[in-house]
Amino acid sequence: MSLRNIELLAPAGDFACFQAALSAGADAVYLGGEQFGARAYAGNFSSEEIRTALHTAHLFGRKIYLTVNTLVKENEFEQLIPFITPLYQDGLDGVIVQDLGVLACLRQEFPDLALHASTQMTITGYYGAEFLKKLGVCRVVPARELSLDEIKTIKEKSQLEIECFIHGAMCYAYSGQCLFSSILGGRSGNRGRCAGPCRLPYAKERGREQYPLSLKDMYTLPILPKLIAAGIDSFKIEGRMKSPEYVAGVTAVYRKYLDAYLAHPEREYWIHPKDEQFIKHLYIRSDTCSGYYQQHHHKDMVTLTEPGYSGNAQEVLKEIQEKYIANKLRMPITGYAVIRAGSPALLTFSAEAVSVTVTGETVCPAQNKPLSQEDIRQKLGKLGDTCFTLTDLTVDTDGASFMAVKTLNELRRMAALALEQKILAPNMRTVSEQVISKRVSNTAIRHETQESICHSKLCVLVTTEEQLLAASAFAKIHRIYVEADLLIEKQIALLPDKEFILVLPHIFRKRSYQYLSLYEKLLSDSRLLGVMIRNIEELEWIQEIGYTGEIYSDYTIYAWNQAALDSLENHLEGITLPLELNKRELDFLSPAGSTCFVLYGYIPLMYSANCIRNTLDRCIKDAKSANNRYHLTDRYHNDITVVQNCIHCYNILYNTVPLSLHGQLERIQKKNYPILRLDFSVENSVQTRAVIEYYLNSCKEFPFQEFTNGHYKRGVE
């Protein structure tokens with residue numbers, strides 16, 4: 001990677017932030033429109049504002065990336081192409097995408113549009129990057145939890161562009177793998193509406209309230225050379241909810257040090273204390289850390305005390321406003337005017353290698369006072385409503401000419417517009433009328449054809465040995481999904497009269513590669529019918545080893561629309577339907593193969609790299625199923641069970657009550673889903689047996705007094 005090809009990427013929640021980013025030296029800006037963006041509560045841009053921003057950015061040789069990084073419901077999908085089309089025509093430089101259906105649609109309809117995989121896709125290794133590369137992605141924004149070594153490996157093996165966050169607020173959970181806000185209040189992080197429950201207080205077992213889920217803000221200025229050495233192509237500043245002063249200030253400081261290092265990488269790199277204080281006076285959440293780049297997790301990354309903001313120093317804000325916000329960014333141009341009586345007026349504007357000449361009305365002989373060179377310069381130099389500033393104007397006049405002020409102004413406007421259009425021309429694209437008028441939706445057709453009849457199987461997923469033994473005792477349970485780590489830890493005899501599916505880990509990183517040979521050996525066991533994957537890292541690995549058994553996906557690989565289903569069904573025997581869609585939204589989908597629907601289970605609220613037990617107590621390093629539980633209490637004294645997976649070093653926070661759709665069972669059974677699944681995670685053997693017996697109609701009373709219908713009835717915004 002050339003050191004001089006590194007991009008500084010700034011956020012913009014509104015047009016003022018966009019202008020601030022350009023003025024402060026951003027190479028590119030990422031922003032969201034009024035649809036499909038993962039910051040629903042930012043100011044966001046109208047389509048007309050995005051087009052204006054595109055023109056402005058391209059005039060100055062900068063780029064704009066549009067965030068189309070939410071999961072899209074089927075009934076919204078038809079708006080995608082009309083939304084993107086005019087922006088694509090105006091030269092949109094790239095889109096940041098989470099939804100696999102959106103990715104497939106954009107690749108098909110807009111082949112010249114750069115596709116970037118959002119950090120919401122939870123790319124944790126080169127397997128996932130390679131999978132997305134095959135789908136047309138040219139840039140990956142990997143999970144923020146990755147180390148510099150992991151990022152370097154992704155870059156070297158995939159050769160994709162790598163975009164990483166370098167500054168700003170950090171989520172506690174792996175982005176895209178958090179349902180905390182969604183389950184608690186219906187505000188989904190996958191829809192840009194996170195309510196931030198990780199910033200609230202929680203108490204450990206018999207302990208006082210603290211803020212164990214609130215990470216300090218990321219600040220990487222001191223380690224920029226290490227980020228560059230890791231192969232990162234684009235340095236991304238977080239902050240689409242922040243002010244223009246924040247955007248300009250942070251961008252300017254990182255611009256200064258990035259340029260200084262790239263100009264003289266051989267020199268000692270150090271940060272002036274004044275600049276460090278400057279940036280820390282800009283909307284910092286309590287304190288800072290360098291993120292996960294140099295550590296897997298650590299209690300020093302967590303605020304623990306109330307995560308308020310330190311505020312902004314007024315003198316810092318004033319300096320930023322005066323330097324970057326008060327003055328509009330302008331491009332210097334030169335001009336050449338010919339104003340001679342009896343001939344058409346000519347005006348040439350030039351900017352670097354681009355030049356245009358326009359012809360105006362025929363110049364009249366002066367009756368009284370002729371136009372002087374100074375008069376002409378004054379009138380033609382008024383470019384205040386454009387992005388240009390005239391630094392030099394040569395005037396060729398005969399000293400006996402006259403033109404009305406209105407005519408000179410029109411000549412100037414024509415030249416400025418022509419120059420702008422010529423500069424922008426290389427970015428403009430054309431699309432066919434077929435694309436312009438296209439709506440991507442076949443919902444009605446799918447509804448009519450969704451009449452296939454099948455008999456649902458009741459299956460279970462287990463994570464502990466006692467759950468496995470309890471489930472195996474039921475003759476009517478033919479299929480059991482077994483966590484792979486359980487079979488690695490223990491020598492368990494799988495019964496020959498059952499179908500077993502091996503379930504791979506929720507998070508699959510470089511640390512997990514040491515177990516690949518064990519997983520491959522397990523998959524060769526004839527008692528295992530197939531494998532269930534939780535992320536696209538595992539999907540690519542499974543395909544690379546040439547696995548010939550059945551492959552299924554869990555609900556953590558999202559399929560919210562038919563396009564996403566179609567994309568996944570090219571690789572899978574069946575998918576698990578998502579947890580955030582309601583019953584009507586699920587009805588819009590027509591999945592093929594062995595579709596799985598989850599009836600029961602404690603919903604994982606989030607998966608995290610940071611370890612809550614390590615933060616509040618100490619690391620136990622090798623927790624087995626007997627002692628891998630920890631508990632937090634929320635403000636309402638509800639118990640949140642935290643399970644540590646010490647094999648792969650991640651935490652799972654589970655909801656306080658289980659999902660159970662036994663009250664909706666009659667309607668669900670009419671949908672003829674091939675697989676109805678009961679998921680067991682924190683239950684003991686007694687609870688496991690009781691739930692299975694209830695769903696097999698062996699007993700009449702549901703074993704838990706409290707439960708939730710999840711999103712089956714309400715859905716998310």
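This is a predicted model: local features need pLDDT of at least 70, side-chain atom pairs count only at pLDDT 80 or more; totals for chains, interfaces and linings use all residues.

Student: How do the lining residues divide into nonpolar, polar and charged?

Tutor: Eleven are nonpolar, five are polar and five are charged.

Student: OK, sheets now. What's the order in the open sheet of four strands?

Tutor: The order is 16-15-14-18, and the pairing is mixed. From one strand to the next, the twist averages 20°.

Student: Why is one side of strand 16 and of strand 18 left without a neighbour?

Tutor: Strand 16 (354-362) and strand 18 (388-397) are at the edges of the sheet and have a single partner strand each, so there is no neighbour in the sheet on one side of each.

Student: How do strands 14 and 15 run?

Tutor: Antiparallel: strand 14 (residues 331-339) and strand 15 (residues 344-351) are joined by five bridges. Opposite T334 you'll find S350 in strand 15.

Student: Which strands does helix 13 lie across?

Tutor: Helix 13 (residues 405-424) lies across strands 14, 15, 16 and 18, at about 155° to strand 16. Helix 12 (residues 373-380) lies across strands 14, 15 and 18, and runs at about 150° to strand 18.

Student: What about the open sheet of eight strands, what's its order?

Tutor: That one goes 24-23-22-21-20-31-25-30, with mixed pairing. Its edge strands are strand 24 (550-553) and strand 30 (659-660), and each of them pairs on one side only.

Student: Are strands 20 and 31 parallel or antiparallel?

Tutor: Parallel, over five bridges between strand 20 (residues 457-462) and strand 31 (residues 675-679). L458 has L676 in strand 31 as its bridge partner.

Student: Switching topic: which residues of helix 6 are buried?

Tutor: In helix 6 (residues 148-158), the buried ones are L148, E150, I151, T153, I154, K155 and S158. They pack against helix 5 (126-134), strand 7 (161-168) and helix 8 (224-229).

Student: And what comes just after helix 6?

Tutor: Q159, which takes a positive phi of about 60°.

Note on methods:
Residues are numbered from 1 along each chain as its sequence is written. Side-chain values use heavy atoms; hydrogens and water are left out. Buried means under 20% relative accessible area, exposed over 50%, partly exposed in between (1.4 Å probe, protein chains only). Helices (H or I, at least four residues) and strands (E, at least two) are DSSP runs, numbered from the N terminus. Contact means heavy atoms within 4.5 Å. Ala, Val, Leu, Ile, Met, Phe, Trp, Tyr, Cys and Pro count as nonpolar, Asp, Glu, Lys and Arg as charged, and the others, Gly among them, as polar. Two strands pair if DSSP finds at least two bridges between them. Axes are lines fitted to C-alpha atoms, for helices over the stretch in contact, and angles run from 0 to 180 degrees between N-to-C directions.
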